[in-house]
Amino acid sequence: PKYDKKTIGLNEEYNLTETLAFNNKNYTLYNLFMGVTHTVVFVENLQEIIKTSLGEHICYHPMFVDRTNVDFVEIISKNEIKMKTYERGVGWTLACGTGSCAAFITGLKLNLLNESIKVNFEIGSVNLEKENNNIILYSGAERICIGQYIKK
């Protein structure tokens, strides 16, 4: 993770951690760069959040020079989370590897998560571990289709 405002694309008048009011509730935004710009938001009820326009509201907020990916995280336990990402230029996605790493490292820094967790997405899951200064992301693989390449 990188926490430099310029690398993140955070306008100078804003901080790495910001509070944003939306629909009469305050949300804490944790901004970082994990290969791309990410904003991590811990929420109590992920399913309720994704029914709102909060993801789009944060993504396009003027605090960001070129928008941000917004990772909403519901903590199940110190070993497991649920996550949904509003990706800049895309909208809601089914999963996000860099987002899961951003959520994991933020949860570690806040002492909300252990050094080995499971991240549940809308479809599928990954496992993350902190080993020294590295984050290891792993999961299973399964064939979803088969094809044939015809050389001309």
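Q: Before the pairs, what counts as a salt bridge here?
A: A salt bridge is a side-chain nitrogen of Lys or Arg within 4 Å of a carboxyl oxygen of Asp or Glu. Keep in mind that this is a predicted model.

Q: Fine. How many salt bridges does a search of the whole structure find?
A: Four salt bridges come out of the search. One of them joins the side chains of Glu48 and Lys51, with 3.4 Å from N to O.

Q: And why would such side chains pair at all?
A: Opposite charges on side chains can pair when the charged atoms come close.

Q: Is Lys51 buried or exposed?
A: Lys51 counts as exposed because its relative accessibility is 63%. Its partner Glu48 is at 43% relative accessibility, so Glu48 counts as partly exposed.

Q: Next one. Which side chain meets Glu74 in a salt bridge?
A: That of Lys82, with an N to O distance of 3.7 Å. Lys82 has a relative accessible area of 28% and is therefore partly exposed.

Q: What about Glu74, buried or exposed?
A: Buried: the relative accessibility of Glu74 is 16%, and the cut-off for buried is under 20%.

Q: Where does Glu74 sit in the fold?
A: Glu74 is in strand β4, which covers residues 69-77.

Q: Which backbone nitrogen does the Glu74 side chain reach?
A: The backbone nitrogen of Leu46, at 2.8 Å.

Q: What else is Glu74 in contact with, leaving aside neighbours within four places in sequence?
A: The contacts of Glu74 are Val43, Glu44, Asn45, Leu46, Ile81 and Lys82.

Q: Moving on. What does Lys84 pair with?
A: Lys84 forms a salt bridge with Glu122 through their side chains, at 2.2 Å from N to O.

Q: Why does that pair tie together separate parts of the chain?
A: Because Lys84 is in strand β5 (residues 80-87) while Glu122 lies in the loop between β7 (116-120) and β8 (125-131), the pair links parts that are 38 residues apart in sequence.

Q: Is Lys84 buried or exposed?
A: Lys84 counts as buried, because its relative accessibility is 9%.

Q: Change of topic. Which residues make the nonpolar surface patch?
A: Ile75, Leu110 and Leu112 make a patch of about 200 Å².

Q: Where is Leu110 placed?
A: Leu110 is in the loop between α4 (97-109) and β7. With a relative accessible area of 36%, Leu110 is partly exposed. Patch residues need over 30%, so Leu110 passes that cut-off.

Key
Residues numbered from 1 in each chain as written. Predicted model: local features only at pLDDT ≥ 70, side-chain atom pairs only at ≥ 80, totals over all residues. Heavy atoms only, no water. Helix = DSSP H or I, 4+ residues; strand = E, 2+ residues; numbered from the N terminus. Buried < 20%, exposed > 50% of the residue type's maximum accessible area, 1.4 Å probe, protein only. Polar contact = N/O pair within 3.5 Å; in protein donor to acceptor, adjacent residues only side chain to side chain. Contact = heavy atoms within 4.5 Å. Patch = residues over 30% accessible without salt bridge, like charges linked within 9 Å, V, L, I, M, F, W, Y side chains within 5 Å. Areas by Shrake-Rupley, 256 points an atom, 1.4 Å probe, with all protein chains shown as cover.
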